[in-house]
Amino acid sequence: MIITSYKHPKLLIILVFICYSNIIKSQSKKTDSLIYKDYPKFDSLITKNWSNIDISIQLSHAYLEEAKTNKDSLNMMEAYFYLSSLYYQKNPLMALEYSDSTLQICINSKFVDYNYPFSIYRWRGDIYYDMRNFKKSLDNFLSAQKYLNDDLDFGENHADLNIRIGLLKSRLGNYDEALIHSKKAYLFFSSKGRNKISAEYYLACLFALSDGYLRTNQSDSTSIINKIGIQESSKYKLDNDKAYFILYEGINHFKKGNFLTSIDSLENTILRFKRLKDLPNLAEAYFYLAKSNLEIGKEALAIDYFKKVDSVFIQTQDLHPTLRSTYEELISFYNSKKDTLSQLIYLNRLLKFDSIINGNYQHLSTKIIKEYDTPIILEEKQKLIQKIEGTNNLKSRIIFWLIVILIVVSVLTFYFYRKRIHYKKRFEAILENKSLEKDADQKKEKRKLLISQNIVSNVQVKLESFEQEDQFLDRSISLNKLAIIFGTNSNYLSKIINHHKNKNFSSYLNQLRIQYAVQKLKEDTQFRKYDIKSIAQEVGFNSAESFSKAFYKQTGIYPSYFIKKLNKSS
């Protein structure tokens, strides 16, 4: 399932608002002389009217003007933060603008309390996460991390950030690593006493933990956490939160093969997610309803749910990568119905989906390793070095491993450089219509063919027709079948092909298909948009793997590389 930073936007705002407000108040005790005398009145009125967004916005603007008049930086920051939180519910872009103002005051005023930049960056990361801009979300979480103080703040803020980084790792498919982060946060928040507000933090950990167990296929652990989550949600009357655990348990039942139970659980979450406008989790509920109905033979209902997943993608331009098979199912369905137009529509949607996913997640995967995992690993390494400092051989061991790493990196760099040059030369040779075969068969000394010349001539004429009419694209063609079509026997046909084509039947067939594929890819830009599996089937192969192997054997490069270079060239 897909978890937002916290379960839904309203909860996200409340949690960050409380956290930030507490920071402001603690700091304000140190600077009473700067605080506007009516601060408590404004704070009380804004908090009291929080559910009425328009009134709270008016009060926050008035509060901001008074703070500006008194040149009160602390209260200006708080007013901007209030406005950012309130506008988020109406216009996330406005929320970002006000968070920019909050951050600017914080930087210009040079507050010594690290909580300020930490909370602001974390808030901005949450906004970007719920806007599905994972790149900027990660950037802000990493900025927040820089302001954590291990001595003063090893607890709540560390646990809080662990949830967020864990969620991003889950989006990347690094489920084992995400589970580690969730467990760290759970250990902290589960040990604390709870009221209705702190229960939200605890439930956030449970959500993340359930997600981790589910995605690592630990069904029993998933059910245990979901049961605790449902009980805690009921205890504090948090019905919105309960829906997420019901969703997780519905997916868990699907994975265990309990399709009817899964459908019953998932259907109970739909109205709640619609009311919360939680489109990512709504899409996940639709997806598993589709999969479950497909398993029990209700194909028409399943297709309707798959289309609803697609409608969410159209609105958000984002889906969790695990929902990709939505489009494979829709394409397959319309292929069986011979509905070419619908196939094309969902094929284009799949291409767009892959484009978005590849662009977004490739950046995250690299950045999260370099800027989050690596600093932590280096920090742990530094602590170990300090513990063993003073040993005589420490310096020599470090130098030794640096040299080893340098040699390995150099070898790998040289290898990939040579490989890239080789691929480029092969690509250029193909464009210039030079021999497609990477290792052209050496001409063998031909032995006398002990077959009647009339039979040989007849087969050669038919082979020429076979090639010119592209009959080799038929995936069902075989040596025996072709021999029957030609009116000869398979032994004669095999020997004639070996003698005159200088290769066996399988190699001969693959050569024709690869030559056809290359030419069509060069000439037909639409054909390049097909995935490898579709291209393979179009040119007579039964699988993408067999096509890729044959393509590489004949050309020296893989079809994906050839298509990529063609698109760049054009």
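In which helix is the place of L512? L512 sits in helix α22, residues 505-523. A quick note on helices: they are DSSP runs of H or I with at least four residues, and they are numbered from the N terminus.

Before we go on, please remember that this is a predicted model, where local features need pLDDT of at least 70, side-chain atom pairs count only at pLDDT 80 or more, and totals for chains, interfaces and linings use all residues. Residues are numbered from 1 along each chain as its sequence is written, and side-chain values use heavy atoms, with hydrogens and water left out.

Back to L512. With 8% relative accessibility, L512 counts as buried, where buried means under 20% relative accessible area, exposed means over 50%, and partly exposed is in between, using a 1.4 Å probe and protein chains only. Leaving aside neighbours within four places in sequence, L512 is in contact with F466, E467 and F472; contact here means heavy atoms within 4.5 Å. L512 and E467 are 45 residues apart along the chain, yet their C-alpha atoms are separated by 7.4 Å.

First on my list is S99, in helix α5, residues 92-109. S99 is buried, at a relative accessible area of 1%. Its side chain reaches the backbone oxygen of L96 at 2.7 Å. Setting aside neighbours within four places in sequence, S99 also contacts S84, I120, W123 and R124.

Next, T326 in helix α16. What does the side chain of T326 reach? The backbone oxygen of L323, at 2.9 Å. T326 is buried, with a relative accessible area of 0%, and it touches F287, F306 and V309, not counting residues up to four places away in sequence.

Then T555, which lies in helix α25, residues 544-555. T555 is buried too, with a relative accessible area of 0%. The side chain of T555 reaches the backbone oxygen of I557 at 3.0 Å.

On to the cores. A nonpolar core is a set of buried Ala, Val, Leu, Ile, Met, Phe, Trp, Tyr and Cys residues joined through side-chain atoms within 4.5 Å. The largest one has 50 residues, and L247, Y286, L319, Y327 and L330 touch the most other members. Helices that each supply at least two residues of this core include α10 (196-215), α12 (239-255) and α17 (340-387). A second, separate core has 43 residues, including Y63, Y82, F141 and Y201.

Last, a helix pair. Helix α3, residues 53-69, and helix α4, residues 73-88, have axes that come within 8 Å and cross at roughly 160 degrees. Axes are lines fitted to C-alpha atoms, for helices over the stretch in contact, and angles run from 0 to 180 degrees between N-to-C directions. So α3 and α4 are roughly antiparallel to each other; angles over 145 degrees count that way, while under 35 is roughly parallel, 65 to 115 roughly perpendicular, and the rest oblique. Residues making the contact include Y63 and L64 of α3 and Y82 and L83 of α4.

Technical notes:
Polar contact = N/O pair within 3.5 Å; in protein donor to acceptor, adjacent residues only side chain to side chain.
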